[in-house]
Amino acid sequence: MSISFKRTLECALEAPRNIPARDLAGMLSCNDKSVVADLFAAANEVSKKCSKVLLKRALIEFSNICSRDCYYCGIRKSSPLINRYHMTIEELLKVSEEAKEEGFTAIALQGGEIESEANTAFVEEFLSRVDIPEITLSLGEQTTDVYKRWKDAAKGKLLRYLLRIETSSTELFSKIHPPEASFNKRLGAIRKLKSLDYITGSGVMIGLPGQAIDDLANDIVFFGDEKLDMVGMGPYIPCDSTPLQAPTFSSQERLELSLKMIALTRLYLWDVNIVSSTALEVLSSGARDIALRVGANVIMPNFTPNKYRLEYQLYPGKQQIK
Ligand code: 5AD
């Protein structure tokens with residue numbers, strides 16, 4: 001292994017945030033098998049040093065109705081190909097109960113992004129009625145008032161919120177979103193969640209068309225600067241019905257980059273929860289398990305009822321994965 005990569009890993013094992021952005025980028029572009037193996041081993045060592053244990057959260061995708069038109073997403077507002085659904089409160093409580101019976105103490109509630117009183121009140125009612133100790137919400141950008149209402153409704157439960165920034169590059173952000181989407185507004189929402197004492201997570205997509213290795217290195221620095229408690233990121237999977245096509249990276253490259261991003265995020269942040277995403281499994285069967293050995297420690301098995309799962313296709317291949 002080259003002296004400089006060896007030194008980079010040694011420094012990373014000494015303290016958190018001990019890798020300069022240019023070395024993060026260097027590691028991301030390095031394809032030397034022995035360097036990558038050492039990177040993965042170092043990330044695993046940090047996971048152990050920080051006593052990271054495997055956390056399991058039952059994922060329930062309760063609605064695919066979305067007001068957003070993100071260029072990469074299969075459930076975007078203009079997608080003509082899907083039937084829209086919204087589970088009832090009773091269905092949602094029943095699925096949560098099933099997860100509990102299977103031993104889950106945590107669920108992750110995900111849905112299309114809707115800002116409406118009906119949606120706010122629905123989630124509020126669910127949070128106050130569900131009998132599960134830990135809940136992660138992934139319901140997009142909302143006003144401070146809405147975030148506060150959900151926090152109040154979940155009193156006595158541990159509440160997390162995952163709001164991906166998608167990319168920390170403002171330039172790339174504007175290329176993958178329609179003009180009405182605002183990077184600053186999204187970042188503002190992440191900061192708002194933190195200030196309201198949500199356990200806050202964010203993340204990015206890896207291998208987007210036009211994304212540079214330096215962008216990915218900057219994403220890791222961004223996670224540190226925003227002092228996130230949780231990082232959820234995964235490879236970009238092109239989706240036929242969307243305007244964003246032709247990834248810059250092959251699927252093998254996106255897989256390798258994603259695993260390196262996970263390992264480097266663990267090495268850079270140390271004590272943080274990192275999700276092993278479903279999108280990894282779409283690229284290669286077993287990839288989620290590999291991610292758990294190179295820095296990730298959260299897994300989110302899908303509990304969305306089968307009859308809805310086909311319609312929550314953020315990207316192709318997703319619905320087959322449990
Ligand atoms: N490929 C990979 N991830 C995607 N997401 C949406 N569309 C895709 C895609 N085509 C991710 C986004 C979003 C999360 C719910 O799913 O990061 O925040």
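## Around the ligand

Let's take that opening question in this predicted model. The shell holds eight nonpolar residues, no polar ones and two charged ones. You can find them all by name: Tyr72, Cys73, Arg164, Glu166, Met205, Pro235, Tyr236, Ile237, Leu314 and Tyr315 surround the ligand.

Where does the ligand sit? Its place is in the largest cavity.

Now zoom in on a few atoms. A nitrogen atom of the ligand lies 2.8 Å from a polar backbone atom of Ile237. Tyr72 also takes part through its backbone, with an N or O atom 2.9 Å from a nitrogen atom of the ligand. With Glu166 it is the side chain that matters here: one of its N or O atoms is 2.6 Å from an oxygen atom of the ligand.

How much of the ligand does the protein cover? On its own, the ligand has 400 Å² of accessible area, and the protein covers 88% of that.

## Cysteines without partners

How many disulfides does the structure hold? The count is zero. Take Cys11 as an example: the closest cysteine sulfur belongs to Cys30 and is 16 Å from the sulfur of Cys11, so the two are too far apart for a bond. A disulfide needs two cysteine sulfur atoms within 2.5 Å.

Cys50 is in no disulfide either, as its nearest cysteine sulfur, in Cys11, is 17 Å away.

Are Cys11 and Cys50 buried or exposed? Cys11 counts as buried because its relative accessibility is 17%, under the 20% cut-off. Cys50 is buried too, with a relative accessible area of 17%.

Terms used:
Residues are numbered from 1 along each chain as its sequence is written. This is a predicted model: local features need pLDDT of at least 70, side-chain atom pairs count only at pLDDT 80 or more; totals for chains, interfaces and linings use all residues. Side-chain values use heavy atoms; hydrogens and water are left out. A residue is near a molecule or strand if one of its heavy atoms lies within 4 Å of it. A polar contact is a pair of N or O atoms within 3.5 Å; within protein, one must be able to donate a hydrogen and the other to accept it, and residues adjacent in sequence count only if both atoms are side-chain atoms. Accessible areas come from the Shrake-Rupley method with a 1.4 Å probe; for residues, only the protein chains shown count as cover. On a 1 Å grid over the protein atoms alone, a cavity is a set of points where a 1.4 Å probe fits but cannot get out, and a pocket is an open set with protein on both sides within 12 Å along at least five of seven lines; lining residues have an atom within 4 Å of a point. A molecule sits in a cavity or pocket if more than half of its atoms lie within 2 Å of its grid points. Ala, Val, Leu, Ile, Met, Phe, Trp, Tyr, Cys and Pro count as nonpolar, Asp, Glu, Lys and Arg as charged, and the others, Gly among them, as polar. Buried means under 20% relative accessible area, exposed over 50%, partly exposed in between (1.4 Å probe, protein chains only).
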